[in-house]
There are 2 protein chains.
Amino acid sequence: MIKIDDPLVQQSFQELATYIALPSVSAKHQAQKQTADFLKKLLEEVGAQVQVLTDYPAPLVFAEIKPQQPSTTTILIYNHYDVQPEEPVELWHSDPFHLKITKDKLIGRGAADCKGDFISRLTALRRYQQKHGDWPCNIKFLLEGEEEIASEHLPQYLAKYHELLAADLVLWESGSKNEQEQFSIQGGNKGVLCFELVANSAAIDLHSSYAAVVDSAPWRLVAAINSLRDADGHIKIPGFYEQVLPPTSREQELVEQAAVPDLQEKWQLTLPLLKNKSVNYNLTFSPTINIEGLSSGWEGPGVKTVTPKTARAKLEFRLVPNQDPQEIFTQLTQYLQDQGFSDIQVNYLLGESAYRWDLQHPLVDLLVETAQKCYGGADQIELLPSSPGTGPMALINQYTQAPIVACGVGYSKSGNHAPNENIRISDYLEFIEFFDQFLERL
Amino acid sequence: MIKIDDPLVQQSFQELATYIALPSVSAKHQAQKQTADFLKKLLEEVGAQVQVLTDYPAPLVFAEIKPQQPSTTTILIYNHYDVQPEEPVELWHSDPFHLKITKDKLIGRGAADCKGDFISRLTALRRYQQKHGDWPCNIKFLLEGEEEIASEHLPQYLAKYHELLAADLVLWESGSKNEQEQFSIQGGNKGVLCFELVANSAAIDLHSSYAAVVDSAPWRLVAAINSLRDADGHIKIPGFYEQVLPPTSREQELVEQAAVPDLQEKWQLTLPLLKNKSVNYNLTFSPTINIEGLSSGWEGPGVKTVTPKTARAKLEFRLVPNQDPQEIFTQLTQYLQDQGFSDIQVNYLLGESAYRWDLQHPLVDLLVETAQKCYGGADQIELLPSSPGTGPMALINQYTQAPIVACGVGYSKSGNHAPNENIRISDYLEFIEFFDQFLERL
């Protein structure tokens, strides 16, 4: 396996340090041009044709490398160069924008999501090139700058440039080992519909003695939210489950083979789990509703005898394939009206569709075989048709028409989005080896 | 009527300015000793025997004046020298702790609640003394420093010193004209039980993709709160209404005679009023439940895909006579358990009992007759057996065994507790005249 003192690895640490030092927090629109230019330079160094597209906010970096002998196979590597905000800074043990290299870890904002992934992939390509002086197939790169803010302008970019994107397989931004230390290969993500409910009841917060006759925003909000699901988690909106795409038998098989996380132990859950066919079934195949937050009136210490004029809640649905966010939003607003909550404002915040597939493809077979060899056997690999999270896979799939597969350098304690985000050096080296071996087998 | 340029009035403005300049915010434990000492000096100047009791936090000022000829009548004046916090300071148009005197108003923190009341009462007493060189009866003063923080130590003070407090009538801290400009005389206040509901579901906030199987604190909180009342405001806790003391026919009569405030117009209410026998009936005689505030998870802009580990709500019941806060709290916790919410923490925050009476007493008759004369006739007076608000009347009544009546210098836009708290100079002068006339009739 490739060693830490390999000059390619040492060079990659320097590149990762420079990359992490660019504070490309998309929520703050930071360092977008500089980061895109840095990536252009890196990719040109390996001989890629690079375009930095700037039609919309946050430049989109597209690059392509081709072997001397024309190849009929194209792999598209999708990564994003933006990162989550570093806050809360006080919980970091080191500067979030300075790559800290310890005996066994690489620590910094973006180490796991997904600057470390991109650099490890690039390093594997360099290694292949060093050995062969050429490439095994066409490799395309699509590097966006707004993934952490719901890929706000990616649809416009893709609508304009989708002809660049034709590929046979998309390698998704990142991935990680699970808690059982299995290398996880995933073929999808859920969709999402984030919305806000706002109740207003008066021009001002009232002295609460008037609550003897005046109804109020928080009561209305609580009743409206409570109408959305049963205690077991079943969503009560008519038609909500109608378009849900049931899993194929192959997809179900993959999920049944996967290890079951002990969530109750892990997070000291105090409530029973929601009704589920199995934990993994629900995480992979079931749509769900979540309250992200509630806010109304007096939230400080002690009491304040106030009847709040306003109450707000942020909620979200996680969606599965064939559920359309806009259509679900229409069903939601109709349902609330039918239940007598026409006084509640329903605000659409963002929506993304789901993507899922059964991972049956010769290139994925090759990827899995390589992983089994590099990661220690079939029982060290997890194959899942979808992650429970959300990303722009459906969008990328729509424009590439290529199946998508995700895997990467993270592990179960990488802390994506959290303080002290990190990856293990051993996972980083293992992935370089694995991806290089995959390229060898193409 | 007494004029603004009367030396007694001019002196009282100076005293009120000094009083308001003492920033006696009880929530911040400010200026307690200085304010008590200031009151001691003021009261000694009119010849009172004054004790500043310091057994518990916030000194309690007790004072007594007696006529040369022993009197069998004792009136106890209850006021508090503490005020609400001045925040939000940016909404004040002048320094909250500097008495601003305009053409027609006295503006500053405590002007209406209740430093202006105390000084106007003292000024009427001075005026009486100036005319007669004596007092019409025994006058006692009970001035506490923690009314705005639920009279935290008053029960202990009263348990120890209640023998000082024997009286025939208690004149309550303050009062105001209503929106119809009627001078309001009120004989009670509601009780209160403030409590907190806390739901906990996990050791940390979870990535919301896990909401596909994990139940969460905000869902539990919303369901628990929603179980407490019907949409029409009816409280669903068994036994809650059992001890409610129905109004006497005299009390009902008083309420029926009172003007009905147009709350919907006044506050631009967007929801129908709760079910009520009449607005004034509910405000005076009905217990109620209110949500003071809700808090959970992500309350900032945009979305955050989090499943909150905790959700909190502050609520309160307003109680009527014979409802015991402790007993209601027991019913509440039992009900939540019976409804399956034993996972919800129920925290008792504070409780006070209600006090109400029908205002039938010779001294009140005298007060009302005087008010009718001074304020322009019977239709310029409002008599109510209780205010919809809460205060320590039940406690004072328990230890004085005397009926309580509230009236004062405020008006409907005084803005007690709010920025730019103020009274009108005309109301202030009118009250001095009225109270002096009342003393004359004793």
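In this predicted model, 73 residues of chain A are in contact with 73 residues of chain B, where contact means heavy atoms within 4.5 Å. Residues are numbered from 1 along each chain as its sequence is written, and chains are lettered from A in the order in which they are written. Local features need pLDDT of at least 70, side-chain atom pairs count only at pLDDT 80 or more, totals for chains, interfaces and linings use all residues, and side-chain values use heavy atoms, with hydrogens and water left out.

**Interface**

About 6000 Å² is buried between chain A and chain B, and carbon and sulfur atoms give 64% of that area. Buried area is the accessible area (1.4 Å probe) that two parts lose on being put together, summed over both. Of the area that chain A buries against chain B, A:Val213, A:Trp219 and A:Trp267 supply 14%, more than any other three residues.

There are 2 salt bridges between the chains, a salt bridge being a side-chain nitrogen of Lys or Arg within 4 Å of a carboxyl oxygen of Asp or Glu. The side chains of A:Arg229 and B:Asp215 form a salt bridge, with N to O at 2.9 Å. Strand 11 of chain A gives the largest share of the side of chain A that touches chain B, 10 residues. The classes on that side of chain A are tabulated below.

| Class (side of chain A touching chain B) | Count |
|---|---|
| Nonpolar (Ala, Val, Leu, Ile, Met, Phe, Trp, Tyr, Cys, Pro) | 39 residues |
| Polar (the others, Gly among them) | 23 residues |

An open sheet of 8 strands has the order 14(A)-9(A)-13(A)-11(A)-11(B)-13(B)-9(B)-14(B), with antiparallel pairing. Strand 14 (345–352) of chain A and strand 14 (345–352) of chain B stand at the edges with a single partner strand each, so one side of each has no neighbour in the sheet. On average, neighbouring strands of this sheet are turned by 20° against each other, direction ignored. Strands are DSSP runs (E, at least two residues), numbered from the N terminus, and two of them pair if DSSP finds at least two bridges between them.

Strand 11 (residues 288–297) of chain A pairs with strand 11 (residues 288–297) of chain B in the antiparallel sense over 5 bridges. Within this pairing, A:Ser296 stands opposite B:Leu294, and A:Leu294 stands opposite B:Ser296.

Definitions and conventions: Helices (H or I, at least four residues) and strands (E, at least two) are DSSP runs, numbered from the N terminus. Axes are lines fitted to C-alpha atoms, for helices over the stretch in contact, and angles run from 0 to 180 degrees between N-to-C directions.
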